[in-house]
Amino acid sequence: MEDAMWRGQLVRCWLLLATLCHATPVLSQTINLGLAAPLSGPLASLGDQVRRGTEVAIDEINEKGGVLGRKLALKTADDGCEPARAVEAARRLTQLDKVVAVIGHVCAPASFAAAPVYAAARVAMVTPAPVDQRLIEAATKNGWRNIFMMAGSIQSQGFAAGTYLARRYTGGDIALVYDQSSYGADLAGGFKQALKDRSASLTFETSLTGNVVDVRPTVDQLRAAKPTAVYLATTPANAASLVKRAKEIGLDTTFVSGNAIRRPEFLEIAGRATEGVLSTTLPDAQSLPAAAEAIALLRQRGSGTEGYTLYAYAAVQVLSQAIDKAGSTELDRFEPVLRQQSFPTALGTVRFDKAGDRDVSQVAFSQWRDGGIAPFDPSQFWDVSRDAMTTVLATASGSTSRARARPVLIDDGGSSSAIVAKALQGVFWNTYFTREGEPDAKLSTRSQASYTLVLDLSAYNYRQIGETNAAGTAVDPRVKNALEKAPQEPIELKIRPVVVTPLLTLEDDPVKALRVDRKKLVRPQEGTAVVEENRLVGRFKVGAINLPEFAAEVRAGQVTFTVKVAENVAPGCAVIAFTIWDFRDNPIDHLLQTVPVGDGTTQPDCTRTNPEALKGGFATLMNPVFSIGAADSQQPIQAALHLFQIIAQGQQKTVAFFIDKGQYRPPEPGKPAIEQGVFSWQTTSRWLSEYVSKPTGLPAKIAAAWKDADKGSPGPYAGAADELADWIFGADLASRPKAEAARDALKKLAEAQTTPVVVVRAVDENNRKIYVPLNLIAAAGNTGGLAKPITVVQPLQTERYEAPSCIGHWSFGLSNETKALDVNLMGEFDALAAAKPATGETWIRNAADLKTYFKMTPALPASVPATPIPSEGLVLLAHHDGFGVYFDDVNGRVLHQGLRHAYPPGSVAVLAACVTANPSSGMDILNGLNDSGVDAMIVSPFNVRIDYGARMAFEFAKVVRQHRENRRTPTLAEMFAQATGETKEFFKKKKPNARLEEMALEFILLGNPYLRLCAP
């Protein structure tokens, strides 16, 4: 037994020796890169930024063949921004995952704690966020050559703040408050160095001690010292407590701190006291021309580009290039390449000095305004071209050496590659507003004057250069492709704006031409032209020239539109969409702009719902705001169909886009043709609106379907389905493959999911919304449409999607007086009305009730209440003509202008009789209710048969009652589906030989289908 055990142990020993001593290890098929960041906890959003940038950069490199013939693989570790967890993460990445380099960490203490592990394992560490001085000193003292800093040091932020305050307040009166954190020590160190370099002194200095700090004594000392400015070199919690207490005692001074006060906890503690507080931070890399393609890739994959995202993206670019140039993944081979060469990245050209720091330390300023972060321009007192920071480093021998001076810049934007002929750098769309006396205007509800909306194409993102109200974004790769390959000069693009929300009205031609001078998109690279352009940029930065003056010098093309703030609207966030077409009328970009409209005193913070003021690319067509509000988690929007009617070369055309969210993949840079999931084509028909609305078009097909349904003919709506599908997907010869691919994609979507949600947005040649019953193409027996049904939702004329509450009260306009009503249904109406609950329902049973209802104008509060008011629901079975609505006698009609019921936000209406959504028959009722506050409706663009409409209205009222009794909270879409299902079952029993079940296909959902019923 013992002999057998010994032999077993010997075998295991030999196996172990064979493993350890194998002379020819197998080369891994991948190159493992590590990501160490807070992927959970309160700072997980920062880790998510790094993760997104890293993943997209790796995907892009792998799609181009990888590095050294091998794919990059990402290994992630969550450090929670805690030093102990950071050490564990570093050990896992180096020992188990065998990474060759790590992008991380985000928090400076975590970076410092993990650094020795990476140094011992000979693994490169590239930090995408600022590091503290301890790490720089430890690396120098211990001779670590594996650390590279993409975002500089925390100390450089203190230095920038000190430089600004020393110049801004030349008479002194500057105070410094710091705490015992390593972060505070670094900020204070850089701050003091800047004051020393500029022979400035402090009027007051104090330190906070302990973990729980009582700031009252410190603030009392500040009040006695009366400083003009106070620098807070502390954690965000301590800074917030200081600022809040100062506000409470009336201390009037300027507070400045580091990037950490941009975190939510600063606002949560300090509240309104945050107003005006300045902070230093990394510059917004989104403004850099070199970042344009990376931004396009990230956005097309549904990723944001804020914060550390582009720094992580660039870190992957640097590592992959260094490994490729060295021909090895061994640190000893690629580390010298990192220190000696430069690398083109999304941040511009990246070079590292001997200490592993960026050749240019980037620092920007921002300011708390109206509860959010806004850019701040310090250049009047901080000349970025001359200010330099000199860092004192400890050497391995213990002596000190002064590193070479590095300029501290707001904006790098450099590129190592020369630009030739038509090859363009970053190209940006810029939008801004002007009016007489206001060259860079803010929109206000108090002004009834017209504004000029400007759309520029430029090599610069204006908002990232100077303090301005302009918005900017990189163009879609299709635009660059069109600009580089267009045969003629000047190039002409077509711009079509669509005002999505009700705050603004467009008072101009619906489509305008933008002429592009490509030479203006190629920025100068050398000589006096560079000096002149840099001088021009500098003048704009410091406000020496205004926005229109700067734009006139640098823009490659411009188009303007006249807009006006709508009357009697509250401040809010307006949304404008732009569709961009090339000279062949092919769509090449789509923009979505969010514009704050204030009251002349304050501006709303639109970044809460849309962090980017201007977004580009066809992925914006799936944007919830533009598509149909915020999708319910149980019924997300799966696809979108957009139809634009235009006049091109004197001909009527309908251009279609179809976007399949499941298929969507962004294009590779320079290869927009291979973008997946986006299809565009021009229909062979003229205008779809004419077919849908004219009596001889689709309405005639619907009338024929009724006759077939009454006869019991199989598939009565099949003819209408096939003809409508041909009108939508029938394309000209050039774009027919795309149209067929879109039809196939929609078919697969319908078959793969149960009634997937598809958004349809159609606008006519004058930018007015039109309604298309796309769900008809799923009618039984069709050959050119869909085999299974879909849920179709479309926008109302006035779009509002941020409903503050649920639907709490219902009004049922079900009257026995309704003309041509089935006598059997009258009893059912009476029984349902008689059983109404004590609260939550109002019944409109006759003409007098109808007039009373529409004359009621419930008093809505002038300001937003603490508890949102429940919205209302209306189910109305009534006739209407060109003048108004009525049950039976036209003398009891309520005129269109009499629809004065004021609905709380998020209210809904079900209009169950007559045509209500057809432009040729008038949409006054629909628009009147919409203008009165109704945000979602169920209507029909066709004449609704009274037998079907009455039954459907009754079943809908029953569904609402049942859900309220059972305390369920379904969405409007769910209640509509249930009501039409009950209606279908009723007609199956009542008329078994007829085929009326598909009449529900005639109805369409408008507005937000995810509004919910309140629980009683």
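A helix, as the word is used here, is a DSSP run of type H or I with at least four residues, and helices are numbered from the N terminus. The model under discussion is predicted. Arginine 736 is partly exposed, its relative accessible area being 39%. The side chain of arginine 736 comes to 3.4 Å from the backbone oxygen of alanine 731. Arginine 736 also illustrates how sequence and space can be compared: serine 680 is 56 residues away in sequence, while the C-alpha atoms of the two residues are 9.6 Å apart.

Attention may now turn to a sheet. Five strands form an open sheet, in the order β23-β20-β22-β27-β25, and their pairing is antiparallel. From one strand to the next, the twist averages 30 degrees. Strand β20, residues 428-434, runs antiparallel to β23 and is joined to β23 by 4 bridges. Within this pair, phenylalanine 428 is found opposite alanine 474 of β23. Helix α16 (residues 547-554) packs on the sheet, where it touches β20, β22 (451-458) and β27 (555-565). The direction of helix α16 makes about 145 degrees with that of β27.

Charged side chains provide the next topic. Across the whole structure, a search finds 33 salt bridges. One of them joins arginine 845 to aspartate 830, with a distance of 2.8 Å from N to O. Arginine 845 lies in the loop between β38 (841-843) and α23 (847-855), whereas aspartate 830 belongs to helix α22 (residues 823-834), so this pair ties together parts that are 15 residues apart in sequence. Aspartate 830 has a relative accessible area of 36% and is therefore partly exposed.

How do the surroundings of the partners compare in other salt bridges? Glutamate 60 and lysine 64 form a salt bridge in which the closest N and O atoms are 3.4 Å apart. Glutamate 60 is buried, at 11% relative accessible area, whereas lysine 64 is exposed, at 56%. Aspartate 947 and arginine 945 likewise meet in a salt bridge, at 2.9 Å from N to O. Here aspartate 947 is partly exposed, with a value of 26%, and arginine 945 is buried, at 14% relative accessibility. Salt bridges can also be linked into a network, as happens with Asp48, Arg51, Arg52, Glu55 and Glu306.

Conventions: Residues are numbered from 1 along each chain as its sequence is written. This is a predicted model: local features need pLDDT of at least 70, side-chain atom pairs count only at pLDDT 80 or more; totals for chains, interfaces and linings use all residues. Side-chain values use heavy atoms; hydrogens and water are left out. A salt bridge is a side-chain nitrogen of Lys or Arg within 4 Å of a carboxyl oxygen of Asp or Glu. Buried means under 20% relative accessible area, exposed over 50%, partly exposed in between (1.4 Å probe, protein chains only). Helices (H or I, at least four residues) and strands (E, at least two) are DSSP runs, numbered from the N terminus. A polar contact is a pair of N or O atoms within 3.5 Å; within protein, one must be able to donate a hydrogen and the other to accept it, and residues adjacent in sequence count only if both atoms are side-chain atoms. Two strands pair if DSSP finds at least two bridges between them. Axes are lines fitted to C-alpha atoms, for helices over the stretch in contact, and angles run from 0 to 180 degrees between N-to-C directions. Contact means heavy atoms within 4.5 Å.
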